[in-house]
Amino acid sequence: KIRQSVMNAILDTEVQNTIVSNLVDRVLKVVVTEIQKNFDFDMSVVTATEAKVVTLEEKISGLDKRYELKCDELEQYTRRNNVRIFGIKETEDESTDEITTKLIRDKLGLEVSINDIDRSHRIGRKTSGADRPRPIIVKFVSYRKRYEVFSQKRKLKGSGILLCEDLTLNRRKILVEAKNKFGMKNVWTEDGRIIWKAANGQRRTATTLQDLA
């Protein structure tokens, strides 16, 4: 009788539906659990990969900055024998070599000859009717002569003529920013480095804009 009752129950449609429904629920739970495990694993892999990508990007960015700084440093080194002269009237058929040597002898009181100059010329596009003369860039044969000349630039004070180092574009930007921030009297250059006097009287040096912070 018990066996017959069980068989009758199994053959009952409603009971069959209940059994199938329970089996489906259990199977679905197992499948969903496995999918969730795989999904969690995949997400952890994605997260780890993203972290590695961010780290690599930071390293590349750091390398780029160091590369830019090194290139700027090397470019500045190639300019170490140069000076720029501002404020000298421009004339037709002029010789910038002669202008430079005369300026150094008459204004700075130094002995100099054409042989001390590798080359010199005006820089920038010539514009008719321009109020300001184009600056002259001078490359000396030796750093020693360039240093001797540049160290006497204070003698040009009040003459309307300005003697400056030949800085890279990047360092010229830093120089302008430093003068705006700390005042022109507190900022100067020395061998391509931008130097300023801090509020506590200490000398500070900058080769990047971040150094001014």
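User: From which domains does the lining of the largest pocket draw at least three residues each?

Analyst: The model is a predicted one. In it, domain 2 (84-163) and domain 3 (167-212) each give at least three residues to the lining of the largest pocket.

User: What is the volume of this pocket, and how many residues line the largest pocket?

Analyst: The volume is about 1,000 Å³, and the lining of the largest pocket comprises 30 residues. Nearest the centre lie Lys 153, Leu 162, Leu 163, Cys 164 and Lys 179. Two or more lining residues come from each of β1 (82-86), α4 (143-150), β4 (162-165), α5 (169-182) and β5 (187-190).

User: How many nonpolar, polar and charged residues are in the lining of the largest pocket?

Analyst: By class, 14 are nonpolar, five are polar and 11 are charged.

User: Where is Asp 93 placed, and is Asp 93 buried or exposed?

Analyst: Asp 93 belongs to the loop between β1 and α3 (96-108). Residues over 50% relative accessible area count as exposed; Asp 93, at 79%, is therefore exposed.

User: Where is Asp 191 found, and what is the relative accessibility of Asp 191?

Analyst: The loop between β5 and β6 (193-197) holds Asp 191. Its relative accessibility is 40%, so Asp 191 counts as partly exposed.

Definitions and conventions: Residues numbered from 1 in each chain as written. Predicted model: local features only at pLDDT ≥ 70, side-chain atom pairs only at ≥ 80, totals over all residues. Heavy atoms only, no water. 1 Å grid on protein atoms, 1.4 Å probe; cavity = no way out; pocket = protein on both sides within 12 Å on 5 of 7 lines; lining within 4 Å. Points joined across faces, edges and corners; volume = space filled by probe spheres on them. Helix = DSSP H or I, 4+ residues; strand = E, 2+ residues; numbered from the N terminus. Nonpolar A, V, L, I, M, F, W, Y, C, P; charged D, E, K, R; others polar. Domains from an automatic or database assignment. Buried < 20%, exposed > 50% of the residue type's maximum accessible area, 1.4 Å probe, protein only.
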